[in-house]
Amino acid sequence: MKTIRLVTSLAFLFCLSSLKANENFNWEDILRTQLNKMIGNTDYQFQSLSVDTDNKSLSGVGTFFGKPNIAFTLEYESDASLAHFSTTFPSNAKVGVSNNSLTKLAGQSLDVMIPDAIKKSLYLEHFNFSFSKEDKRITFAELHFNAFNQWEFFQGSSFGMDNIQVKFAVQDPTQKEKRELAGRLTGNVHFKDSPILMSADLQRDKQSLQLRGNIRKIGFMNSLHTIVGKTSINGFTLPDPMINLSLKEADLVIAPYQKWTTLDANSNIGKVQLWAQQNEAKKKDKLEYVATISPPSGFKISKLNSKLTALDGLNLAGQKIVLSSADKDKKESSKIPSMAQISSGIKKGCSLLARIDLRKIKMDHLLGIKELIVQSPLSSKLEHMVLEGEIDKEVALGPTTKLQQVIFRLKPGPKNFAVSLLGVMDAKVQSDALKFKGGVEIAISDQSINFLSIMDGVWNNPLGAKGLVMQNVGLQMGASITAAPVILPNMALTGKVKIGDFLGDAALAFDSRNPTKSMMAVSFDELILNDLMELVISDKVSKKLPEDLKKMMKSIRLMNVEMEVVPQALQVLERNYNPGFRAKGMLDFNGWKGESELDIDYTNGILMKGAIDPINLKVFKIQGADGQKRPSITLDLRKNGNQKAAINGLINVLGLEAQTDVELMANGYRFMVGGKIFNVFNGKIDASGKNLDKAGDMFLKVTMEQDLLGFVEREVIKFVENSTGKAIKKIAESQRKVTALQKQLKVLDKEIKAMRNKVDKEMAADRKKIAANRKKVNDAQKKVNTLKNTINKYKRQIKKLRKTQVAKRIKLETQLRSTQVAHGSATTALNAAKLVLKGFDGLNTNPDADARVIALKTKKNTAYASLEVWNGTLEATKKTLGFSGKTITFLVDKGTDALINVRKADFEGKLNNLSSGAVKLNMDIEWLGKKKNVKINFNFDDPKKAVVEMAKGLLKKK
């Protein structure tokens, strides 16, 4: 063998060609050309190349699919008509199925065909293709992938596959119109030490992927534990033959995307079919499963256990032993392949399913069918076996009574052999169709039945009593199955009615021939009114009730309650019952005892009327009015009513007595009453509290009326007039002097202002002349200064001239003399303007310095000094008298009638603190024309004293 570099490979191969029959066939060119067609020249290159002419092969190292240092070989036949290229990738190359070059080679994306669970763990291991010299093209290419990870089929399960390989075969990869792609997935699934090789063809529709495999021999329990876990049969009882069952020629199918798997096999008991699926709607880490064993025809149950021999005589056909992880109804079980042909639900655990011949036990004429599919939990004890089956038709128990949703039950034990039917029977009471669930005991010997049942669910609104719910309703009937059933016309039902946390006994009687002749009586030892309201009143009514009333109802307790529901008037023995829904009982409301009666209307509400014992707290009393000994209580919870809770009676508080309503609320009570407070003045009392039985808890707000307000005004004015009469006379004269001087000062201010304006206008012309002359002086001064500067400039220029500059000197000196002459003239004009301006120096231009203005100001100062003197005298007199100066001034100006105006007077506090008549009176008044609020200690036994003290205080306030 000889080895050459890539740069010399072509020359070397060319030389070799002269030694061989295929002298014009260059394999390196073929490789380049065909790789370009398949994956493009940017995705490969040769790093080294070796030629073995003796063995007709080439080998080397190159870059493929972006990965360098990949070894490859090419072998060709002697006539050079067919060549085989092969390369192996190291494990660290990691060329995945999503590689763009692989997509170009296959003509489509490979990763869309790969299951998602292994897509990222697949890496290219082998890449092969074959070249045909005759067709001058690559005819076939293969891609071999290995998966580094195991594939777990179901979440939370150890059931999975390893040693996973994927192979893609591409037919005619360089011809797009002919190119075909095929993929295949293989791997191993392990059942203990027995691996099963699984395989599946890959398609673009991954959802339909199914892996298939076969194993010659495997244990039933081993396969079940492997697929669904060792805890899958915890709590189940299995016959020993099932535990030790061996399976032969087992076919395993796994649908990873549809989350199911099946195992079909043969056994010495019969055909075994296992189905398992992960239910996405339930716990994702749990697998549901059903395993069925279908014994051959003529199979005897006693083969599983000799104690079950009695079952062999029941002629059970189509037997199946079913092991299920959960209960399943007919619809669910029909979706399982092994159960598709059986019209039956299945129970959790291990069960026996079979068809029973009803003719053998003489039940076909009653049930109207000859055979029935039944099932029972599979047990080694015969007494534990109970065969049950659903009957898909009604069973007539008479011309008008039918049993529905019927379940047939047979106990096969010789000692307790029994046949019964379980089902639902309809009974109509008025317009209500009731369903009763119970058992029909069938006595085969005398062909009779006895129906004992409990109503299914609850009875809402019995006899039209909206809101009530009757439960645990019992019914019993008997009939013969040899003729039409005989049902007694009068039926009695008993049961319970629950309201809130309280359970009452209910009895209901009706005539099945005329159900309108019915009534119901309910008794409760105790009941909360709120619970009753929530139950028997429409939500529409309840929503319109005030929240306070709803809350208060929780504290109203009824005892020894008797409730009647009578749809139509009827007579029982000697007692007549009027139609209606009503209740009555003893009342306990916040400690008040009494009795009450309630009228109940579902669409309108509840009206409760009653009476309570009188309340006597000495300082507060409430007793009956209108000749009644006890106050009445009303709770109106009707939509169209007044919606109130109140006690009505004769109230006695703060010395007044009147009939009124005490409004009851969730957090207490409130009432308003008016009259003579302590028999002195009229007032209105607004009372409230939390507990009507406690005087110390009652808070009163009392608003006094006009007779008290007028009393206060009159007494204050009377006191002020008596106290200030002499002071007013002494002060009046001084006040008049002060007022006159104040008016004089206002007149002088106006005269001074007018005179100043007049003088200012007269001086305006002189100020204008002065301003004009001042401007002339300023302008003349600027001109003189400008000429002076020009003279100085000429002098500097002449001084700088040389002696030879005669002509320029003469010119400058001429300009200098001319400027000096102009300067002299300007200076003369400036001096003349200054003399004119100086002539105005003695002229007055300030209005305040005018003699006429000065004279008026002097007169004002004199008047102001006099005012100060009289003001001092006035205030000194007021202080000497001891009264507020403002009060005296107000009285002098407006009189006593305007002195005080009482707008409002009230007091408040706890009843115990106010009952003596001594209160803190709060008043809003107008005093001296200004609003004030005053509080005084007021005693209804001596009201004048408090008013006089208030007047003294007001007079002394500044």
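Predicted model: local features only at pLDDT ≥ 70, side-chain atom pairs only at ≥ 80, totals over all residues.

Visitor: Which residues touch the most other members of the largest nonpolar core?
Guide: Happy to start there! That core has 117 residues, and helix α2 (residues 27–39) gives the most to it, with 6 residues. A second, separate core of 101 residues includes L434, L558, F907 and V948. Back in the largest core, the residues that touch the most other members are F64, F145, L252 and F408.

Visitor: What kind of aromatic pair do F145 and F168 form?
Guide: Both F145 and F168 are buried. F145 sits in strand β7 (residues 137–147) and F168 in strand β9 (residues 160–171), 23 residues apart. Their ring centres are 6.1 Å apart and their planes stand at 85°; an angle over 60 degrees counts as edge-to-face, so the pair is edge-to-face.

Visitor: And how many residues apart in sequence are the parts that F678 and F940 tie together?
Guide: Here the rings are 5.3 Å centre to centre with 45° between the planes, a tilted pair, and both residues are buried. F678 lies in the loop between β42 (668–677) and β43 (681–689), while F940 lies in the loop between β47 (930–939) and α18 (943–956). The pair therefore ties together parts whose separation in sequence is 262 residues.

Visitor: How many aromatic pairs does a search of the whole structure find?
Guide: Beyond individual pairs, there is an aromatic cluster formed by F46, F64, F65, F72, F85, F89, F127 and F129. F64 is also one of the residues that touch the most other members of the largest nonpolar core. For the whole structure, the number of aromatic pairs found is 22.

Visitor: Which strand gives the largest share of the lining of the second largest pocket?
Guide: This pocket has a volume of about 440 Å³. Its lining divides into 9 nonpolar, 7 polar and 9 charged residues, and the closest to its centre are S344, G345, Q375, G389 and E390. β19 (371–377) and β20 (387–391) each supply at least two lining residues. The largest share, 6 residues, comes from β19.

Visitor: Which residue that lies closest to the pocket centre is also in contact with F408?
Guide: Leaving aside neighbours within four places in sequence, the contacts of F408 include L387, E388, G389 and I391. The residues closest to the centre of the second largest pocket include Q375, G389 and E390.

Conventions: Residues numbered from 1 in each chain as written. Heavy atoms only, no water. Core = buried A, V, L, I, M, F, W, Y, C linked by side-chain atoms within 4.5 Å. Buried < 20%, exposed > 50% of the residue type's maximum accessible area, 1.4 Å probe, protein only. Helix = DSSP H or I, 4+ residues; strand = E, 2+ residues; numbered from the N terminus. Contact = heavy atoms within 4.5 Å. 1 Å grid on protein atoms, 1.4 Å probe; cavity = no way out; pocket = protein on both sides within 12 Å on 5 of 7 lines; lining within 4 Å. Points joined across faces, edges and corners; volume = space filled by probe spheres on them. Nonpolar A, V, L, I, M, F, W, Y, C, P; charged D, E, K, R; others polar. Phe/Tyr/Trp six-rings, centres within 6.5 Å; stacked < 30°, edge-to-face > 60°.
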